[in-house]
Structure formats: structure tokens, C-alpha cells
Amino acid sequence: MLRGLIAGLALALATIPVSAGPADVITAAEYAEPTTRYDHAVLGDNAEWGALVLSFDACPDCAAKDSRSVTIRLPDFRVFEDIAPRLLDLDNDGLPEVVVIESDLAKGSRLAVYDETGAIAATPFIGNSNRWLAPLGAADLDGDGLTELAYVDRPHLAKILRVWRYENQRLTEIAELPGLTNHRIGEPFISGGIRDCGAGPELITADANWRQIMATRLRGGTLSSEPIAPFGGPASFTAALTCR
């Protein structure tokens, strides 16, 4: 029940206004068709998702709406092992792409970018079953005008922060830093995220031992991290992300 409530909240936050355009615009995304075919339970239960439903509007700002939806179903050997899809404008065209965690029953998780046709870009699968990743978000982390996506690779095991650049519908890994995490097994939420307190974007995580809140920057292709506060539960991340 808690995971469902959190997923609903995350979905509400993911539903963003967009500009009108000549083509259909993704206005919302949600997971559907719960399944137990992947017995991992990293988020606290065995139910994952077998489908992604995308909602569209040909003219979001028009008085008369012209809306439709598309359902994308994964094959039986994959699931969306996630809380909620993320609507993010990755190519700076004013229109959102959809970012998801997709898991293969044999190869583990990958971060994937979807549109109504399916996956248009993705990182490689981790390579082993029951191996997961936890996203932090997307931003221009180094000021070059391109968007980077960040996640923690195997936040319970390897605890490696990885950053990928999105360009021309491709994801290219540009930096990594071990010793950071943003999820504990069984929690129905992902901690941390990206903040900007006036000096540029920072990735907010915990250290590997959950003792400190860490802020990580990308400069010159290199990630560097420093502690900013003791970890004292979820409120520690809220404070950090709101620059308190």
C-alpha cells in the first residue's frame, strides 16, 4: 500500500505541462499490469510492472483537448522494476522523454529512455539477475548545454555513482565514482536527487555506510564528492535537497 501511494505521488509530480506543438505531446506516464514474474522485491514487495502507459495531447493548451494513450508491453522476460516513470526533457526541445528502470530476468537492470515507440536509448544491462540501479535525476551537470542522467549502480552492493550524457538519442557514460548510495533493500522509495543551491547542480546521496549526506559535482569529466551533513533518516535528504 505504501509503495502504491508513493508511486501515485511520484506520478503526479511527473505529470508536467508542456508547450503546444504539431505532434502529439506526452503529458503523463504510468506503469500498469502488475506482475510477479521477477522475484526480486528490492522495493519491498514482489510486484513489478509489465507495461507502460503514455498519455498524449496534440494541443495541451487548447480549450478542446485531443488526447489519447499508448500502452507499451514488455516481453515476458522483462519488467519495469521501478516506483514511477519520470517525465524529463532530455534534449532541451521543451518536450518530455520518459525515463524508466527496466529489468531483465537474466541480466538485471538498465536505465532506459522511452517514447511511444518503445526504448529509444538505454544503458547496458548490469549483467546479472537481481542486480538493480537507483536513479538520481537528470540535469546539465557540467554546463556544456547537454543533459546528463545519474544513477547509483547496485546501491546495496557495488555502490557506484554513474553519469551518462544524453545526445542524439544515445546515452554515453562519462564519469563514475564509487562509495555512494541512495537506496536500502526493501525501502519503497529512492533517496537523494539533484539540487542547485546557487553554485551549480549537485548530486545528493548517502555515503556507502549511510553515515553522511554527500554532495557530488561533475567538473572536467570528473566526479568529486564531499560530506555536507550527518545522515539522520529521510529528513536529512529533504533538508539537503532544499539547501537547508
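Predicted model: local features only at pLDDT ≥ 70, side-chain atom pairs only at ≥ 80, totals over all residues.
Strand β11 spans residues 160-167, and seven of its eight residues are buried, so the strand is largely enclosed by the rest of the structure. Strand β10 (residues 147-153) runs antiparallel to β11 and is joined to it by seven bridges. Within this pairing, Thr147 has Tyr166 of β11 as its bridge partner. The two strands form a hairpin with six residues between them, and Arg154 in the turn adopts a positive phi of about 50 degrees. Strand β12 (residues 170-178) also pairs with β11 in the antiparallel sense, over eight bridges. Here Trp164 is partnered by Glu173 of β12. The hairpin of β11 and β12 has two residues between the strands, and Asn168 takes a positive phi near 55 degrees.

The whole structure contains 16 salt bridges. One of them links Arg162 to Asp153, with the closest N and O atoms 2.8 Å apart. Arg162 is buried at 13% relative accessible area, and Asp153 is buried at 4%. Both residues belong to a network of salt bridges that also includes Arg154, Glu173 and Glu176.

A salt bridge is also formed by Arg184 and Glu187, whose closest N and O atoms are 3.1 Å apart. Arg184 is partly exposed, with a relative accessible area of 33%, whereas Glu187 is buried at 13%. In the salt bridge between Glu202 and Arg217, the closest N and O atoms are 3.3 Å apart. Glu202 lies in strand β15 (residues 201-207) and Arg217 in strand β16 (residues 212-219), so the pair ties together parts that are 15 residues apart in sequence. Glu202 is buried, at 7% relative accessible area.

Terms used
Residues numbered from 1 in each chain as written. Heavy atoms only, no water. Buried < 20%, exposed > 50% of the residue type's maximum accessible area, 1.4 Å probe, protein only. Helix = DSSP H or I, 4+ residues; strand = E, 2+ residues; numbered from the N terminus. Pairing = 2+ DSSP bridges. Salt bridge = Lys/Arg side-chain N within 4 Å of Asp/Glu carboxyl O.
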